[in-house]
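User: I am new to this structure and would like to learn how to read its features. Please take me through them one at a time.

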Amino acid sequence: MTLKSPFMTPERAEFRANLERFFAAEVRPNVETWEAERHVPHDIHEKLGALGVFGFGVPEEYGGLGFDDPFLRCDYGEISSGCGASGFAAAVGGRVISVGPMVRFAPEAFKREVLPEIIAGRIGSALAITEPGGGSDVANLQTRAERRGNGWVLNGCKTFITGGVEADWFVVGARTGGPGLAGISLFLVPAEAPGFTRTSIGDKMGWHCSDQATLYFDDCELPAEALIGPENKGFLAIMGNFNYERLGMTAGCLGMMRLCFTSALDWARERRTFGKRLIDHQVIAHKFAEISARIDLTEAYLERICWTMAQGDMPVAEICKAKVQATKALEFVASEAMQIFGGAAYLRGNPVERVWREIKVMAIGGGSEEILRDLAVRQMGVLEG
Ligand SMILES: Cc1cc2nc3c(=O)[nH]c(=O)nc-3n(C[C@H](O)[C@H](O)[C@H](O)COP(=O)(O)OP(=O)(O)OC[C@H]3O[C@@H](n4cnc5c(N)ncnc54)[C@H](O)[C@@H]3O)c2cc1C
């Protein structure tokens, strides 16, 4: 990219360069194999943990970085999803989306003993909100927690839970009160809790190297301190947590678009048709102008959002709009990149073919385009007056 950014500090450039080196040496050469094996080896989780990428917003005494930085979060999101298989980011990402509520609400003993293990990548954690009955309508979730004796009993089911097949700890949204958003609480559930079982959701369109699980809670017994955060106020915490997940996914789309740009450009410079390189056909060259404009726009939007967050504000509507903009841009970019590859784009193993299979999880997961547009207009107040 040629545009200069006032937000690219030397520290940030160094963080990106470090990450790029790690991904070039440890991830990119292996990601194809991990996709085929449906698994990312455990030592990679730990190596990433050592780079600090799970520790944003986590105090040092709990194993974290001791600071938060939305720019660095996005740099990690972009590079990890742009590595050739965005499922890699998901494979290690269950902990990324579940540590926020742990830091805010988990008991001190958990934060001192367990959280550092999660942040270091030695054990896994996952966020369990979606249920078979629906994921968009979080306020209507049905998993129920009831007080029994000194503790809680959990009954219900969660599905599509990223990292859930192997995770050691779960942050689970469950109903503790009446219907609607005012009756939801968060629970911290260990994988060995009595009454807890899980199965893989099975084969998927993409994100092959990451796992997603269905979780079953059948009279699952939990101690009193499993309730984290204020009772019946979990909905707000879930919504707050979504902001970071959506920010990371927007950055992920940026990384995937960059991958489309570079791999299609390499191809267009090499491939010859009608006596000249593909890139020398004006129609093809112009596609790169369109693709790079989408990339620049997404990057610029993200940086403004990050800057706003760094000032202490949470631009909820803009995060929603940016994620929708990014998934739509990704759809356009992947389509154009495939067009440039021609028939080669239709073969498994082509980097853009995989991106194509990963578009929809970005457009649906973490809040679908429809739901995010809806939240954006409500946050912007356009329905009032
Ligand atoms: C690979 C993968 C990983 C995931 N990881 C996790 C995870 O780690 N944790 C977790 O909790 N969840 C996870 N999810 C679930 C994800 O968040 C949900 O799929 C998503 O929120 C949508 O919910 P749903 O699939 O139940 O669709 P539904 O809620 O049933 O919606 C179906 C469709 O209808 C649209 N729709 C719904 N309501 C409205 C409305 N009012 N107006 C207009 N359109 C509407 C939606 O946008 C969607 O397009 C994952 C999903 C996938 C595919």
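User: Is Lys-47 counted as buried, partly exposed or exposed, and at what relative accessibility?

Analyst: Start with the ground rules. This is a predicted model, in which local features need pLDDT of at least 70 and side-chain atom pairs count only at pLDDT 80 or more, while totals for chains, interfaces and linings use all residues. Residues are numbered from 1 along each chain as its sequence is written, and side-chain values use heavy atoms, with hydrogens and water left out. Buried means under 20% relative accessible area, exposed means over 50%, and partly exposed is in between (1.4 Å probe, protein chains only). Lys-47 has 33% relative accessibility, so the residue counts as partly exposed.

User: Which residue does the side chain of Lys-47 meet in a salt bridge?

Analyst: A salt bridge is a side-chain nitrogen of Lys or Arg within 4 Å of a carboxyl oxygen of Asp or Glu. Here the partner of Lys-47 is Asp-43, at 3.5 Å from N to O. Asp-43 is partly exposed, with a relative accessible area of 38%.

User: Where do Lys-47 and Asp-43 lie?

Analyst: Helices are DSSP runs of H or I with at least four residues, and strands are runs of E with at least two, numbered from the N terminus. Both residues belong to helix H3 (residues 42–50), where they are four residues apart, about one turn of the helix.

User: Which parts of the chain does the pair Arg-12 and Asp-75 link?

Analyst: Arg-12 and Asp-75 form a salt bridge whose closest N and O atoms are 2.7 Å apart. This pair links distant parts of the chain: Arg-12 is in helix H1 (residues 10–27) and Asp-75 in helix H4 (residues 70–81), 63 residues apart. Both Arg-12 and Asp-75 are buried.

User: How many salt bridges does the structure hold?

Analyst: There are 27 salt bridges. Another of them joins Arg-348 and Glu-353, with the closest N and O atoms 2.8 Å apart. Arg-348 counts as exposed at 60% relative accessibility, whereas Glu-353 is buried, with a relative accessible area of 8%. Elsewhere, salt bridges that share partners join Arg-12, Arg-16, Asp-75, Glu-78, Arg-258, Glu-299 and Glu-303 into one network.

User: What does the UniProt annotation for residues 232–380 say?

Analyst: UniProt positions are given in the numbering used here, feature names are shortened, and annotations may be inferred rather than shown by experiment. The unreviewed UniProt entry gives residues 232–380 as "domain: Acyl-CoA dehydrogenase/oxidase C-terminal". In the model, this span is 79% helix and 3% strand, and its end C-alpha atoms lie 26 Å apart.
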